[in-house]
Amino acid sequence: MAVEKGRYCVTGAGGFLASWVVKLLLSKDSIIHGTLRDPSNDKHAHLKKLDKASENLKLFKADLLDYESLHTAIQGCDGVFHVASPVPYDPVELIEPAVKGTLNVLKACLEAKVKRVVFVSSAASLVMNPKWSQGQVLNETCWSDKEYCRSTKNWYCLSKTEAEYEALEYARINGLDLVTVCPTLIMGPILQSTVNASTLVLIKLLKGVYAFGSMLISMTLDPEGYESLENKLRMIVDVRDVAEAVIMVYEKPEAEGRYICTAHNIKTTDLVEELKSIYPNYSYPKNFVEVEEQPRLSSEKLQRLGLSFRPLKETLTGSVESYKEAGLL
Ligand SMILES: NC(=O)c1ccc[n+]([C@@H]2O[C@H](COP(=O)([O-])OP(=O)(O)OC[C@H]3O[C@@H](n4cnc5c(N)ncnc54)[C@H](OP(=O)(O)O)[C@@H]3O)[C@@H](O)[C@H]2O)c1
C-alpha cells in the first residue's frame with residue numbers, strides 16, 4: 001500500500017509530530033486532509049508553507065469529540081494517521097478526548113472504508129506497571145497497568161493506555177485494519193512555531209530551568225536541599241524517524257499490531273554532556289540525583305520491518321538549530 005498519490009487524513013495536523021507526517025506525505029504527492037481544532041489560528045501558518053501544500057493540503061476544522069467533523073474530514077480517504085491527542089494535566093480534559101476521540105476517529109474510518117488506520121500511541125501505554133523489574137526490556141506484549149496509572153494519578157499514561165487498548169479492541173471486533181506506533185520521548189527539529197511538551201524538555205535542559213508541572217522533566221531536592229534533576233534514563237527518538245515509522249507501518253502489508261518506536265537510551269547527565277560538547281555555552285543544570293533504573297524498551301519489531309534510526313547527534317543539532325530559528329533560545 002504505497003502512500004504515493006493517495007488521499008490521507010492526518011488528525012491534529014498542526015502538532016509537532018503530525019506536521020512532519022504531513023510534510024512527508026506531501027513529499028510523496030499525496031493529498032492530505034489535515035484536521036485542526038482552529039484552522040484560523042496563526043500557530044498553524046507553517047502548514048501552508050510546506051512544499052506542495054498549496055495544491056495538496058486541505059484543512060478541516062474538527063474536534064476529536066465532534067464525530068460529524070471527523071466524518072467529514074475522513075470521508076474519501078484511503079488511510080488515516082490518527083496523531084492528535086491532548087497533553088494537559090487535567091484528567092477530565094485529557095481522558096475523554098483521548099479515548100472517546102480515538103473511537104470517534106475509528107468509527108469514521110469504518111464508515112469511510114479506509115484501507116488502514118495508523119494510531120500514534122505512546123511508550124506511556126507500556127511502561128507504567130509495578131510488575132516490571134529494574135532494567136527489564138519491554139516488548140509489544142507489555143501494557144501499563146491502568147489501576148496503577150490511576151492510583152499514581154498519571155493521567156497521561158492512563159489516557160494513552162486506555163485509548164490504545166480500546167482502539168485495538170474496537171478494530172478487532174469490527175474488522176478494521178489498525179496498526180499502532182508507541183514512540184518514547186520525541187525530539188528533533190520543530191516545524192511549528194509553538195512549543196510542545198517534549199520539545200520543552202530539551203529547551204529546559206539548555207536553559208538550566210527546573211520547573212514543576214512538566215510530566216517529562218522531574219525535579220526533586222537533593223540531600224543538601226538544592227533543586228536537582230533526576231538522572232533518569234531518557235529514551236529518545238527523532239521526530240523524522242517517527243514520521244517515517246508511521247508511514248512505513250501503513251505501507252507494509254505485513255505490519256500488524258503494536259510497534260515500539262525508540263532509538264537511544266541515555267541518562268540525563270550523559271545527555272547534558274553530549275549537548276555541552278556541541279553547544280558549550282548554554283546554562284545547563286548542575287545538580288542531579290540518582291534514581292532507580294527504569295525498564296527499557298525494544299524497537300526490534302520495527303527495525304525488523306525495515307526502519308533505521310538517525311544518530312542522536314543529528315537529532316540534537318536538528319532540535320537546537322530549529323529552536324534558534326524559531327527564536328526559542
Ligand atoms: N512528543 C512526544 O514525546 C510523544 C511521545 C510519545 C507519543 N506521543 C504522541 O504523539 C502524538 C503527537 O504528539 P506531539 O508531541 O506532536 O504533541 P502536540 O504538538 O501537542 O500535538 C498534539 C495535537 O493534538 C491536538 N489535539 C489535542 N486535543 C484535541 C482535541 N480534543 N481534538 C482535536 N485535536 C486535539 C492538538 O491540537 P491543538 O493545536 O488544537 O491543541 C495538537 O495538534 C500524541 O498522540 C502524543 O500522545 C508524543
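Predicted model: local features only at pLDDT ≥ 70, side-chain atom pairs only at ≥ 80, totals over all residues.
**Entry 1: around the ligand**

I began with the ligand and looked up its surroundings. I found 25 residues around the ligand, and the closest are G12, G15, F16, S85 and S198. Next I looked up which elements give two or more residues to this shell, and they are helix 1 (16-27), helix 5 (91-112) and strand 8 (185-187). Helix 1 gives the most, with 3 residues. I also sorted the shell by class: 14 residues are nonpolar, 8 are polar and 3 are charged.

**Entry 2: the largest nonpolar core**

Then I turned to the largest nonpolar core, which has 88 residues. Which members touch the most others? I noted V10, L17, V21, V22, V80, V246 and V249. Helix 10 (residues 239-251) supplies the largest share of this core, with 9 residues. Setting aside neighbours within four places in sequence, I found V21 in contact with V10, F81, V83, A243 and V246.

**Entry 3: H46**

My last stop was H46, which sits in helix 2 (residues 45-48). Why does H46 count as partly exposed? I found 19 C-beta neighbours inside 10 Å of H46, so it gets that label; a buried residue would need 20 or more. Not counting residues up to four places away in sequence, H46 touches S19, L191, Q192 and S193. I also checked H46 against R296, 250 residues apart from it along the chain, and their C-alpha atoms are separated by 35 Å.

Terms used. Residues numbered from 1 in each chain as written. Helix = DSSP H or I, 4+ residues; strand = E, 2+ residues; numbered from the N terminus. Buried ≥ 20, exposed ≤ 12 C-beta atoms within 10 Å, placed from the backbone. Contact = placed C-beta atoms within 7 Å. Near = placed C-beta within 6 Å. Nonpolar A, V, L, I, M, F, W, Y, C, P; charged D, E, K, R; others polar. Core = buried A, V, L, I, M, F, W, Y, C linked by C-beta atoms within 7 Å.
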